[in-house]
Amino acid sequence: MASAGHRPYWSCRRSATTGALLIAGCGTAPAGESATTGEPATATDLDPAPNVVEVNLVAMRGRVRYLAAGEADVWGYSDGGRAGASVSVPGPTIRAKQGDRVVVRFDNRLDEGTTVHWHGLRVPNLSDGTPSTQKEVAPGERFTYEFVAEDAGTFWYHPHVRADIQVERGLYGMLIVAGGSQIAVDADRAFVLDDVKLDASGPLSDKTEALDIMLGRQGNVLLVNGRRETRLASKVGARERWRFVNSANGRYFNLRMPGHRFKVIAWDGGLVPAPYDTETLLISPGERYEVLVTFLGRSGDTVMLENLHYDRGHDVPDPGPKTLLQVRLQDAATPLAALLAVWGDMPAIATTASTPTRQIVLTEKESTAPEGEPAFLINGRAFPLVPPIEARADAIEIWSVKNDSEMDHPFHLHGMFFQVLDVGGRPPAHAGWKDTVNVPQQQTLRFAVRYGTPGRWMYHCHILEHAERGMMGELVLSEKSP
Ligand code: C2O
Ligand code: CU
């Protein structure tokens with residue numbers, strides 16, 4: 001397993017004083033992908049300055065073998081800073097420390113226009129990578145994205161042009177910002193969850209059925225870091241930090257690890273103020289969660305990570321639990337330092353009875369034309385006909401998102417984090433910063449938000465087929481009040 005160029009995770013360096021894992025590059029082989037976890041390689045940092053991460057990112061066609069039967073033509077990202085790098089799905093993981101300046105020189109070698117959106121990051125508006133903030137990067141053209149990694153956490157990047165098609169073809173990758181409280185762990189791993197719809201001979205299916213549009217395309221093959229049936233090695237008693245991103249167009253992942261519990265430590269916007277234990281973890285498209293897992297059992301045991309059915313509407317049948325990955329336990333881990341009592345910081349956004357409330361109603365509409373597609377609407381209109389929400393950049397407001405449809409919709413707001421106030425009138429069981437949240441069918445979710453940076457910020461359902469068919473709008477923030 002530990003062949004040249006591939007380090008097993010337990011050789012990661014540890015801080016001599018705290019025993020905590022030194023995160024940078026850990027769990028990832030120096031080039032190519034890690035043999036043990038299948039994690040994508042870290043994007044090459046071309047700037048030697050310690051507080052600058054400069055990456056060349058190329059979007060291009062490539063081939064990936066998901067099934068033994070044959071390869072799939074994909075569109076993906078490659079690390080332009082590494083000679084001979086090819087496309088990987090997910091793309092290279094961009095790693096930075098909190099406070100670093102991140103410069104991404106993007107090169108579009110696809111045959112169609114695209115952009116790169118930095119999902120969850122508080123970036124300057126011109127680097128948000130949407131049709132509201134820039135022209136599409138045309139084939140053969142380049143664009144430079146630049147921002148400071150303000151918040152520690154697990155983020156991701158993907159196109160914001162024909163996203164239902166482009167993300168499904170393989171254009172997505174992680175961006176991980178280290179920082180915040182040190183947490184002593186035996187391994188820090190990141191997993192992008194996705195699914196693909198494949199033909200039996202290996203390629204991505206080119207058939208779009210009505211249900212693919214109604215639910216967001218659900219694949220027939222589940223992927224963790226772009227591969228099926230990932231296998232890991234760990235030790236009995238080992239404590240690991242697992243970061244999850246759901247990059248699927250429409251699939252909800254509902255995770256379980258039989259015989260184990262997840263300790264949820266972070267949401268979209270970083271560490272939560274009070275970690276909590278759970279047996280199942282629902283992750284809707286676009287969301288991120290970080291958990292700690294501590295392996296129970298005996299040397300030689302195999303622990304499974306499974307995906308369970310979640311009823312998100314339209315009577316999708318339950319296919320039963322599906323294995324996402326397996327962890328083989330060997331030997332016993334050396335005990336780590338105790339967990340800290342200090343977690344994330346989340347002062348409540350101060351709202352009052354006079355805080356303005358924005359009303360958003362999500363609906364779906366069958367097509368009236370015989371061959372037409374359904375529309376997914378915000379306040380009865382399809383983007384770009386949804387009137388923008390206009391506000392001052394320093395305002396605090398409440399958004400009331402009413403889901404008046406027969407299925408759940410994951411609601412995403414760009415460029416800032418919010419705090420959920422209530423769902424169906426009840427306060428949430430746990431607190432944390434969100435940028436993407438599931439709004440259950442026939443319920444209203446309210447969140448409080450303190451806006452931040454002036455500009456045009458998109459909000460939309462993160463089921464990409466819905467966003468691209470109208471369930472999207474713009475928040476336009478003007479300069480702060482004098
Ligand atoms: Cu991850 Cu506007 O999207
Ligand atoms: Cu939706």
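These legends describe close-up views of a predicted model.

**View 1. A four-stranded open sheet.** The strands run in the order β3-β8-β7-β5. The sheet is open, and its pairing is mixed. Strands β3 (94-97) and β5 (117-119) form the edges, each pairing on one side only. From one strand to the next, the twist averages 25 degrees.

**View 2. The pairing of β5 with β7.** Strand β7 covers residues 153-158. β5 and β7 pair in the antiparallel sense. Three bridges make up this pairing. Across from Trp-118 stands Tyr-157 of β7.

**View 3. The salt bridge between Arg-243 and Asp-188.** The model has 30 salt bridges by the rule applied. One of them joins the side chains of Arg-243 and Asp-188, with 2.9 Å from N to O. Arg-243 belongs to strand β12 (residues 239-246) and Asp-188 to strand β9 (residues 187-196), so the contact ties together parts that are 55 residues apart in sequence. Are the two partners buried or exposed? Arg-243 has a relative accessible area of 2%, so it is buried. Asp-188 has 5% relative accessibility and therefore counts as buried. The cut-off for buried is under 20% relative accessible area.

View 4. The side chains of Asp-195 and Arg-251 meet in a salt bridge of 2.6 Å, N to O. Asp-195 sits in strand β9. Arg-251 sits in the loop between β12 and β13 (253-256). The pair links distant parts of the chain, 56 residues apart. Both Asp-195 and Arg-251 are buried.

View 5. A salt bridge joins the side chains of Asp-435 and Arg-288 at 2.7 Å, N to O. Asp-435 comes from the loop between β25 (418-423) and β26 (436-439), while Arg-288 is in strand β17 (residues 288-294), so the pair ties together parts that are 147 residues apart in sequence. With a relative accessibility of 0%, Asp-435 counts as buried. Arg-288 counts as buried at 1%. Which residues join this pair in one network? They are Asp-268, Glu-287 and Lys-434, linked with Arg-288 and Asp-435 through salt bridges that share partners. Side chains of opposite charge can pair when their charged atoms come close.

**View 6. The largest cavity.** What is the volume of the largest cavity? The value is about 40 Å³. The lining includes His-158, His-160 and Ala-163. His-460, Leu-464, Ala-467, Glu-468 and Met-472 also line this cavity. By class, the lining has four nonpolar, three polar and one charged residues. His-158 also falls within strand β7 (residues 153-158).

**View 7. The cis peptide bond at Pro-90.** Val-89 and Pro-90 are joined by a cis peptide bond. Omega is about -5 degrees. Pro-90 is placed in the loop between β2 (70-79) and β3.

**View 8. The cis peptide bond at Pro-384.** The bond from Phe-383 to Pro-384 is cis. Here omega is near 10 degrees. Pro-384 lies in the loop between β21 (375-378) and β22 (389-392).

**View 9. Positive phi at Arg-162.** Arg-162 is a residue other than glycine, yet its phi is positive, near 40 degrees. Where does Arg-162 lie? Its place is the loop between β7 and α1 (163-168). Arg-162 has a relative accessible area of 38% and is partly exposed.

**View 10. Positive phi at Asp-315.** Asp-315 has a positive phi of about 50 degrees, although it is not a glycine. Asp-315 is in the loop between β18 (302-307) and β19 (322-332). Is Asp-315 buried or exposed? At 74% relative accessibility, Asp-315 counts as exposed. The cut-off for exposed is over 50%.

Definitions and conventions. Residues are numbered from 1 along each chain as its sequence is written. Chains are lettered from A and ligands numbered from 1 in the order in which they are written. This is a predicted model: local features need pLDDT of at least 70, side-chain atom pairs count only at pLDDT 80 or more; totals for chains, interfaces and linings use all residues. Side-chain values use heavy atoms; hydrogens and water are left out. Two strands pair if DSSP finds at least two bridges between them. Helices (H or I, at least four residues) and strands (E, at least two) are DSSP runs, numbered from the N terminus. Axes are lines fitted to C-alpha atoms, for helices over the stretch in contact, and angles run from 0 to 180 degrees between N-to-C directions. A salt bridge is a side-chain nitrogen of Lys or Arg within 4 Å of a carboxyl oxygen of Asp or Glu. Buried means under 20% relative accessible area, exposed over 50%, partly exposed in between (1.4 Å probe, protein chains only). On a 1 Å grid over the protein atoms alone, a cavity is a set of points where a 1.4 Å probe fits but cannot get out, and a pocket is an open set with protein on both sides within 12 Å along at least five of seven lines; lining residues have an atom within 4 Å of a point. Grid points are joined across faces, edges and corners, and a volume is the space filled by probe spheres set on the points. Ala, Val, Leu, Ile, Met, Phe, Trp, Tyr, Cys and Pro count as nonpolar, Asp, Glu, Lys and Arg as charged, and the others, Gly among them, as polar.
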